[in-house]
Amino acid sequence: MKKVKSYLSLILLTMCTLVLTACGKEQNKRIIRISHNQAQDHPTNIGLLAFEEFIESKLGDKYDVQIFPNELLGSQVNTVELTQTGAIDFAVASNAILESFDNIYQIFNLPYLFDSPEHYHTVMDNKELIEPIFTATEKSGFEAVTWLDAGTRNFYTVKRPIKTPADLKGLKIRVQQSASNIRMMELFGGAATPMGFGEVYTALQQNVIDGAENNELALTSNKHGEVAKFYSYDMHQMVPDILIGNLKFLNGLSPEERKIFNEGFVLISKVQREAWEDSVKKAKIYAENDMNVEFIYPEVALFKEKVLPLHQEVLNKTPKLKPIYEKIQNIGKQMKEEVK
């Protein structure tokens, strides 16, 4: 089945490439292809539409930006590979996928790395701290150009609510495909089941898995709330999605063009984050009232206690993460002192 899906994705991409190349020749413009796996009403797509409008308002005589949502060009894994080769120019990738290209991205998968959303946003906006991470994949042919808010990751389940870590025992929980996420679930006491995001709905529906972990929009935008009726705010992770760009394309831009693109990347993050807050509020109301999802607020400290050992495990295994980790913790301490 996976081979068939990959083959169909390849056919679709080839067809899109032929059509778009023909259009590009007629318009004498360079087509810029951006792929992501979210719906058209998702904040990610809203941010990318703002980027499209901005770039075309500044460089519309030369570039035609085209956005492909809903995994139209393939799964995230496929589109990251296509961005590597330059078959497409940009793709939104999960942090877990990027971890397989450079383990520096493990830092963001650490559970309870951030004290609050404000701490998370402050760290991600710290250019001095983030830029070395974003450029770490240059050897793989791409680099990160901006980050997208993906909120707080929490558990949601089909048959029983998660009120304490003990409730996870024996449950098969979908996690993102990374070693640190698998280990996190082991410490929680659940059975980690890595799989692509596009497979989760069917897996929940067919009881292949008992639950998953993600933000509130997964319930509504991706319809997981039709199957999973319990959503528990254990708040175990705040992990950004990352927009990556093909390095050859980026390096081929003139200094003036790159400046405009960089302004566009900042705009994506700004618009996406503004849309995120509103979308989460609406998603929660819809999930509760129309999908009959029950929202649960467990004692977070119980969950945090279970997985904090993972911090030291990862730092011991990957020493280059230690200075980044310490800077993130120091930012959190400073923020707490400012509030006092």
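Which residue stands opposite Phe68 in β2? Ser35 does. This is a predicted model: local features need pLDDT of at least 70, side-chain atom pairs count only at pLDDT 80 or more, and totals for chains, interfaces and linings use all residues. Residues are numbered from 1 along each chain as its sequence is written, and side-chain values use heavy atoms, with hydrogens and water left out.

Strand β1 (residues 30–35) pairs with β2 in the parallel sense, over six bridges. Pairing requires at least two DSSP bridges between the strands. From β1 the chain crosses through helix α2 (residues 43–59) to β2, and this β-α-β crossover is right-handed. Right-handed means that, with the strands pointing away from the viewer, the path from the first strand over the helix to the second runs clockwise.

Now take β2 (residues 63–68) itself. Six of its six residues are buried, so the strand is largely enclosed by the rest of the structure. Buried means under 20% relative accessible area, exposed over 50% (1.4 Å probe, protein chains only). Tyr63, Val65 and Ile67 point one way. Asp64, Gln66 and Phe68 point the other way. In a regular strand the side chains alternate between the two faces of the sheet.

Turn to helix α15 (residues 322–339). Its buried residues are Ile324, Tyr325, Ile328, Ile331 and Gly332.

Methods:
Helix = DSSP H or I, 4+ residues; strand = E, 2+ residues; numbered from the N terminus.
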